[in-house]
Amino acid sequence: MASDFARVLGARLRSVRTQQGLSLQAVQDRSEGRFKAVVVGSWERGDRAVTVERLAELARFYGVALAALLPDGGGVPGAVPDTAYGLDLRALARLQGEPTQALERYAATLRTQRGQDSPDLPLTEEDLRALASIHQVGTARMLEMLRGWGVLVDTPASRVSS
């Protein structure tokens with residue numbers, strides 16, 4: 001019988017996976033077999049314990065902070081993860097072209113909503129998921145895209161406030 005912690009952890013794992021539009025089989029396929037569908041499913045049901053190491057690997061695969069998978073509320077919407085990200089708005093302003101137009105609009109909306117004037121705009125886990133959805137990719141791919149465009153700032157969370 002699964003503990004309450006295991007059930008809640010499993011629900012968080014399932015939630016993150018489904019938010020990214022992934023089936024259990026897609027997780028297995030995209031991870032090239034590192035995460036077997038049957039094992040991930042058993043973690044999600046709370047039937048099987050997951051080690052911290054494997055949980056951290058899964059968080060990296062999903063492109064989320066480890067805290068986003070934990071049932072203690074570490075990944076609540078709007079929370080800034082331990083490894084926070086931000087947008088370099090100066091670098092974004094220098095970019096031209098179609099691929100970044102949606103990002104520019106999203107960043108402008110966030111700046112207005114948050115009343116932010118600094119050159120770096122903090123991104124929450126929720127922001128990353130929204131950007132990934134807008135660009136029709138997973139959060140891990142979205143992070144790669146932001147890095148490729150030269151607009152991603154990796155910042156200790158203690159220096160970022162939303």
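Student: How many aromatic pairs does the structure hold?

Tutor: The model is predicted. Rings of Phe, Tyr and Trp count as a pair if their centres lie within 6.5 Å. By that rule, the number of aromatic pairs in the structure is three.

Student: What kind of pair do Phe 61 and Tyr 62 form?

Tutor: Between Phe 61 and Tyr 62 the distance is 5.6 Å centre to centre, with 55° between the planes. Planes under 30 degrees apart would be stacked and those over 60 edge-to-face, the rest being tilted. The pair of Phe 61 and Tyr 62 is tilted.

Student: Which residues do the ring pairs link into a cluster?

Tutor: Phe 35 has a relative accessible area of 0% and is buried, and Trp 43 is buried at 5%. Phe 61, at 15%, is buried, as is Tyr 62 at 0%; the cut-off for buried is under 20%. The cluster linked by ring pairs consists of Phe 35, Trp 43, Phe 61 and Tyr 62.

Student: Which residues are buried in helix 4?

Tutor: Helix 4 covers residues 52-62. An α-helix has 3.6 residues a turn, so residues three or four places apart point the same way. The buried residues of helix 4 are Leu 55, Ala 56, Leu 58, Ala 59, Phe 61 and Tyr 62.

Student: Which helices are included in what covers the buried residues of helix 4?

Tutor: The cover is counted from contacts, meaning heavy atoms within 4.5 Å. It includes helix 1 (4-19), helix 2 (24-30), helix 3 (37-45) and helix 8 (139-149).

Student: In what pattern do the helices and strands of the protein chain follow one another?

Tutor: The protein chain has eight helices and three strands. Read along the sequence, their pattern is α-α-α-α-β-α-α-β-α-α-β.

Student: What percentage of the residues in the protein chain is buried?

Tutor: The protein chain has 162 residues, and a residue counts as buried under 20% relative accessible area. The buried share of the protein chain is 46%.

Notes: Residues numbered from 1 in each chain as written. Predicted model: local features only at pLDDT ≥ 70, side-chain atom pairs only at ≥ 80, totals over all residues. Heavy atoms only, no water. Buried < 20%, exposed > 50% of the residue type's maximum accessible area, 1.4 Å probe, protein only. Helix = DSSP H or I, 4+ residues; strand = E, 2+ residues; numbered from the N terminus. Phe/Tyr/Trp six-rings, centres within 6.5 Å; stacked < 30°, edge-to-face > 60°.
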